[in-house]
Amino acid sequence: MRIRRGVSWTLVVVLLLILTGAACKKKPPAPPPTPQPPPAPSAPTATLRAVPSTIEQGQSSALSWNSTNATELRIEPDVGSVGPQGSTNVSPERSTTYTLVARGPGGQAEASARVTVNVPPTPPTPVVPEAMEKAFQRMVRDAYFDFDKADIRPDGRVALAQTAEFMRQYPEARLLIEGHCDERGSTEYNLGLGDRRANAAKDYLVSLGISAARLETVSYGKERPFCFESNEECWQSNRRAHFVILPPRGGR
Amino acid sequence: MKMKLRTSLLLALLCAVAALPSVVFSQQDWFRTGTGLGVEKIRLAVPSFAARSKEVETPTGVFNSVLLNDLELSGVIELVSPSFYPLQAPTRLDELKPEAWTASPTNAHMVAFGNLQYSGNQLVVEAWLSDVRNPQAAPVLAKRYRGELTEDSARALAHQFADEIIERLSGGLPGIARTQIAFVSDRSGSKEIWAMDYDGYNQRQLTRCGFLCLTPRWSPDSTKIAYTGYERGEVPRNMIQIYSLVLNRRVAFPAYPGTTTTPAWSPDGTEIAFSSSQSGDPEIYIASADGSRTRRLTHSRGVDVSPAFNRRTGQQIAFVSDRGGSPQIYLMSADGSGVERLTSGEGYAVSPAWSPNGQLLAFAWQRSNSSFDIYVMDVATRQTVQLTRNSGRNEQPSWAPDGRHLVFQSTRSGRNQIWMMLADGSGLRQLTFEGSNTAPSWSWK
C-alpha cells in the first residue's frame, strides 16, 4: 500500500513534469501590443519643364520646376541645389537631359526634361581649296593701325582693296579677321580696341561691297602678339587686323 | 633717395587728407595706416606658441609662422622684435607676467601667446591676447580652437586667431587672413584662372580653358568667379564664363555675338555688368547673373570696357571709355544715366576698382612719359594719390575686404607678378613667382 502510493506519487510528478515541459515548449510568447503605425510621410512629387525644349547652340532654355513634400532638391547637370520651385536659364553646349531629384522624409521623386541643342552642322574636315589658298597668300595683307587707334590708314585702304578683290575673285571664300594690339595698353581695354580694329577692317570691306556674312571677327587684344620685343617696330607689327582664310561653307 | 621719396609721399598724403572734408574719412583709417599719422600703432609681442607633445611639433611650427606673417601683413600692428622678449615666455594665462612685457626694452602693449596640444584625436590650440598694461583686466581674447592634426589645419587656425586679433585691434574691421585672390596665370601653358590664399599659399588652377581665359572677378559671396573666356574653333568663340567653386565646374551664362569681356558683379550678386560689341562696338551691358534681362547701358562710339559697380551702394558703375580720345575712367548711374568723366583726361587711365566703403577708386594710370602706376581717387572730391612709383609697370588694382590692402600686378621683379600692398603704398609683398601672373581679384570676404 505504502509502496503503491509512493509509485503513484512518482507517476504524478513525472506526468506533471512532462506536461509542464511540453506546455512550456508549446506556449507561444505573449504577442506585444501591435503599435499603431505613424502616419506615413507623404511621398515627394517633382515636375521639371524646359522651354523651349529645342535651342540653337549658344541660346538658352528656361528650366522651371515644382515640388511638394521635398526637403532637398538638386538639378543635374549644371544647376545644383535649388529651392522647392523656381526657374533658371541654361545654355548647354550639347543636347542635355536635366534631372531634378527631390528627396524628402517620404522618399524620393525624379523628373527630367531634355534640352535638344541644334549644333550647327560642320562639314566633314572642311578644307580651303589650293587655288584659293594660294590666291589668299598672294593677295591678302593685314591692315595696320596707329597706337590706340582703330582708324583705317591709307596703307590699310590699299591692303583692304586687294583683300576685297580676292573676295570678289573667290565668292566662296570666307575670312576671319583677328583684331590685335601692342603690349603697351591694358589687357582689358585692348580686348575692346582689338574688337574695334577687327570691325573697322570688316566695315571697310563691307563698304567695298563684300557681304558681312562672309566675314567673321574676333578680338585677341594684346594676348596673341606676332612679335615679342619692346620696340616700335615690334609694336607696329602687333597693331593689326590679321586675316585668316576659312574653308568655304559646305553646300554653297 | 628712398628717404626723400618717403617724405614726399607722406607730404602728398598729408595734403590730400587736409584737403578732404573730414566726413569722408571719418569711417576709415587707411590714410593713416603705415604712415604714422595720428595714431600710435599697437606694439604686440607674439612669443612662440608651445608644442605640448611630439605629434604637434610640426603643426606648431606652421601655426607660429603663419600667425606672425598674418599679423605682419595686417599693417595695423607693430610687432615687437623677439630679441627684446623676456626670457620666460608664457604658454598659458597663469604663466603671464605682465610687468616683464611692459618693461623696457620690450615695451609691449599686448601679448598674444598660447600652446598647441593633441587631445581627443584633435589638434587643440589654446590662445590668449592680453592687454599687459591693464593686468587686472580679463584677457582680450581667450580661445580654444580645434581642428585636424594637419599642417593645413594649423594654418587655418592661425588665420582664424590672427583675424580675431586684427578685428579687436583695428576697431572692428575684419581681418583678411582667410580671404582669397583669383588671378590669371600662364604657368600651365595657356592663360587660365587660378586662385590662392591671400598670403600666396595654396595656389591652384581652377579652369581648363586650354586657350585663353582672362579678367577674373569674384562674386560677392565668394562662390563663383566670372571671367572672359575663349574657345578654340574654326571661328574662335569668345564669351563670359562663370566658374562655381562650390560645384568645381562652369555654370551657364549666355554667349552674345561679337566680343564679350570684363564681367563685374553687382554687390548683391544678382547682376553682372560687362562689355559687349553685339551692337558693332564695345558698349557696357548689364544682365541678371543667370543671363536673363540683358540691357544696354552706354551709347557711345568707341571702346567701353571694365565696368565696376560701387561695392557699397551698387548704384554707380565706373568704367573705361575712349570716347574723349585716350582711355579714361568714367562714372554713370547703374541705369546708364548721368555719365561723367572722373580722370583728368591726361594719359591712359584704366582698371577702376571700388574700395569696399564705396568712396575710393583705385586705378592704373599712365601719365605722360611714365609707366603705369596705381592711384587712388576719392570720388567725392576727385583728390588723387599715387601709390606706386619708379618700379616697373603696375596695373589692375583690387581691394581687400578690409579696405586697407590692395593687390595688383607689377613687373618690378621682372615678369608680371601679383603683389600686395597697404593702401598707402607701403608694406609691399610679392605673392607669385612662377610664370607670368596678372589680373588679381580679391574676394569680397
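The model is predicted, so local features need pLDDT of at least 70 and side-chain atom pairs count only at pLDDT 80 or more, whereas totals for chains, interfaces and linings use all residues. Residues are numbered from 1 along each chain as its sequence is written, and chains are lettered from A, with ligands numbered from 1, in the order in which they are written. Chain A contains 5 helices and 12 strands, where helices (H or I, at least four residues) and strands (E, at least two) are DSSP runs numbered from the N terminus.

**The contact between the chains**

- Chain A contributes 26 residues and chain B contributes 38 residues to the contact, two residues being in contact if their C-beta atoms, placed from the backbone, lie within 7 Å.
- On the side of chain A that touches chain B, strand E6 (86-90), helix H4 (187-207) and strand E11 (215-221) of chain A each supply at least two residues, and the largest share, 9 residues, comes from H4(A).
- By class, the side of chain A that touches chain B comprises 7 nonpolar, 12 polar and 7 charged residues; here Ala, Val, Leu, Ile, Met, Phe, Trp, Tyr, Cys and Pro count as nonpolar, Asp, Glu, Lys and Arg as charged, and the others, Gly among them, as polar.

**Chain A as a whole**

- Of the 252 residues in chain A, 31% are buried, a residue being buried if 20 or more other C-beta atoms lie within 10 Å of its own, exposed if 12 or fewer, and partly exposed in between, with C-beta atoms placed from the backbone.
- When contacts in chain A between residues at least 6 apart in sequence are considered, 66% join residues at least 24 apart.

**Helix packing in chain A**

- The axes of helix H3 (residues 154-169) of chain A and H4(A) come within 10 Å and cross at roughly 60°, where axes are lines fitted to C-alpha atoms, for helices over the stretch in contact, and angles run from 0 to 180 degrees between N-to-C directions.
- H3(A) passes H4(A) in a right-handed crossing; a crossing is left-handed if the near helix is turned anticlockwise from the far one by less than a right angle, and right-handed if clockwise.
- Leu160(A), Thr163(A) and Ala164(A) of H3(A) make this contact with Ala201(A), Tyr204(A) and Leu205(A) of H4(A), and the residues of the contact divide into 5 nonpolar, 1 polar and no charged.

**A sheet in chain A**

- Five strands of chain A form an open sheet with mixed pairing in the order E2-E8-E7-E4-E5, two strands being paired if DSSP finds at least two bridges between them.
- Strand E2 (54-56) and strand E5 (80-82) of chain A are the edge strands, each pairing on one side only, and neighbouring strands of this sheet are turned by 30° against each other on average, direction ignored.
- Strand E4 (residues 72-76) of chain A runs antiparallel to E5(A) and is joined to E5(A) by 3 bridges, with Leu73(A) standing opposite Val82(A) in E5(A).

**Helix packing in chain B**

- The axes of helix H3 (residues 57-74) and helix H5 (residues 151-169) of chain B come within 8 Å and cross at roughly 35°, and H3(B) passes H5(B) in a right-handed crossing.
- Residues of H3(B) including Val62(B), Phe63(B) and Val66(B) meet residues of H5(B) including Ala158(B), Phe161(B) and Ala162(B), and the residues of this contact divide into 13 nonpolar, 3 polar and 3 charged.

**Strands in chain B**

- Strand E11 (residues 224-231) of chain B is mostly covered, with 7 of its 8 residues buried.
- Strand E10 (residues 212-218) of chain B pairs with E11(B) in the antiparallel sense over 5 bridges, and Arg217(B) stands opposite Ala226(B) in E11(B).
- E10(B) and E11(B) form a hairpin with 5 residues between them, and Ser222(B) in the turn has a positive phi of about 65°.
- E11(B) also runs antiparallel to strand E12 (residues 237-244) of chain B, to which 8 bridges join E11(B), and a hairpin joins the two strands through 5 residues.
- An open sheet of 4 strands in chain B has the order E26-E27-E28-E29, with antiparallel pairing.
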